[in-house]
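Hi everyone, thanks for coming.

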Amino acid sequence: MRELDCRGLPCPAPIIELARHIGDVAEGELLGVAADDPAARYDVPAWCRMKGQEYVGEQAATDGVPVYVVRRCAATSAAASAP
Amino acid sequence: MSQGPTYLDAASSEPLHPAARETLMAALDAGFADVRRLHGSARNARLLLDNARAVVAEGLGVRPDEVTFTSSGTDAVHRGLLGLALAQPGSRRHLVCSAIEHSAVLHAARWWESVHGGTWSLAAVDARGQVTDAPNEADVVAWQHANHEVGTVADLSRLRRGLAEDTPLFVDACASMGRLPLPAEGDVVAGSAHKWGGPAGVGVLVVRSRRWVSPFPDDDRADHRGSGFENVPAALAAAAALQAVVAEREERSAREHALVDRIREHAAGIPDVDVVGDPVDRLPHLVTFSVLYAHGEQLVSALDRRGFGVASGSACTASALEPSHVLAAMGALTHGNVRVSLTRDTTADDVDRFLAALDEAVAEVRA
């Protein structure tokens, strides 16, 4: 799984990174967002809802930082409207 | 023409109502004495306090002996909820709070656990912040009337029907008191005067149930449910404001509802904006939305520079590093959050100017 390292980035930077890079993975593939910002836990699922993407769940990286996993869905305008 | 700042944060504190100001100034001189003494000045103060209680009771549609003035809305919440929990039989120890209660309720729940050895849990809400299922296994339930951040008005009659008959319900009505009729549900209800245009430092505790005991040390004052020397002038001013607000309610509520609809519609038309809360069953004067990819503090500052004072539930605007637990529990976007709440004096022109400033501020912050 491709993983974005957003450690140390405050909100909304992890979500901006997610939007910029969702297009880097193929449809049906997973993209992880490693983020220690507490807002990411809520904002990654909220972004998925707003952008028609699938929120898969939360894992932990080897250093304990949460990784929020997103599956890229077919009908995505997410990448196109990234900031 | 230069324009002064436009205050759109009534949900934090409504400016003092003109009726309250007038009453407060008069009562400062007439209501200073100790209501428990037997001389003339004391009798005057006692009369004013009883009058304040009667006016508040009438405005809320409850009996005067059910009303206690407290030192704040938070104090009313703490006394109300803990007193209801403590009055239950010893085996009934589990408190359930909705996941979107005000932090004052959640702090009382933590106190219930740490000081009284009780247990508590959160009940989930749906994406609008509405009741889903009535909590099972609850010995006491705390459910707000209206949410202070997103405005959703809870379907308390549905909640009440789902609870066991002997399960008491505490209702935090701080965000709605005066703006909406008091709900029929709620064995104990709390309110806060500065949210409806009264002075700060006046809370209202309504105890409809006999199953309530004071959770704090007794005080030999006029009303056994409260403590401390009564702030008679402020209580009377709060009562005057409530009376005026209730009298104005129908006209004002319709006007505010329409203005907030306009803000909701405009915000929803900005790309990637999440408008939060129940669109229909809501407080008339309040709306919250989150702007994707925008930094909440920068957005609030950009609006402030353009002359508009608004609140935010984003983590970067909070004293804690955590985002709003209300937005999180509803699955709403927590960053780029703006809460707009109209005052009694907000005009359609204020709203139009705000919306123009919002477009600029969003463009600036997202750039």
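Let's begin with one helix in chain A. Helix H2, residues 40-51, has twelve residues and reaches 15 Å from its first C-alpha to its last, close to the 16 Å expected at 1.5 Å a residue. That expected span is 1.5 Å times one less than the number of residues. Helices here are DSSP runs of H or I with at least four residues, strands are runs of E with at least two, and both are numbered from the N terminus.

Before going on, a word on where this comes from: it is a predicted model, in which local features need pLDDT of at least 70 and side-chain atom pairs count only at pLDDT 80 or more, while totals for chains, interfaces and linings use all residues. Residues are numbered from 1 along each chain as its sequence is written, chains are lettered from A and ligands numbered from 1 in the order in which they are written, and side-chain values use heavy atoms, with hydrogens and water left out.

Back to H2(A). Which of its residues are buried? They are Ala40(A), Asp43(A), Val44(A), Ala46(A), Trp47(A), Cys48(A) and Lys51(A). Buried means under 20% relative accessible area, exposed means over 50%, and partly exposed is in between, using a 1.4 Å probe and protein chains only. Those buried residues pack against helix H1 (13-21), strand S3 (54-60) and strand S4 (66-71) of chain A, where contact means heavy atoms within 4.5 Å. Just after the helix, Gly52(A) takes a positive phi of about 65°.

Now the cysteines. How many disulfides does the whole structure hold? A search over all chains finds zero, a disulfide being a pair of cysteine sulfur atoms within 2.5 Å. Cys73(A) is in no disulfide, and its nearest cysteine sulfur, in Cys48(A), is 8.0 Å away. Cys73(A) is partly exposed, at 22% relative accessible area. Over in chain B, the sulfur of Cys174(B) is 14 Å from the closest cysteine sulfur, that of Cys97(B), which is too far for a bond. Cys174(B) counts as buried, at 11% relative accessibility.

Next, the open spaces. On a 1 Å grid over the protein atoms alone, a cavity is a set of points where a 1.4 Å probe fits but cannot get out; a pocket is an open set with protein on both sides within 12 Å along at least five of seven lines; and lining residues have an atom within 4 Å of a point. Points are joined across faces, edges and corners, and a volume is the space filled by probe spheres set on them.

The largest pocket has a volume of about 830 Å³. Of the 41 residues lining this pocket, the closest to its centre are His102(B), Ser103(B), His148(B), Glu149(B) and His325(B). H4(B) gives the largest share of the lining, four residues.

The second largest pocket comes to about 240 Å³. Among its 18 lining residues, those closest to the centre are Phe69(B), Ser227(B), Gly228(B), Glu230(B) and Asn231(B). Here S2(B) gives the most, with three residues.

Finally, there are two cavities of 30 Å³ or more.
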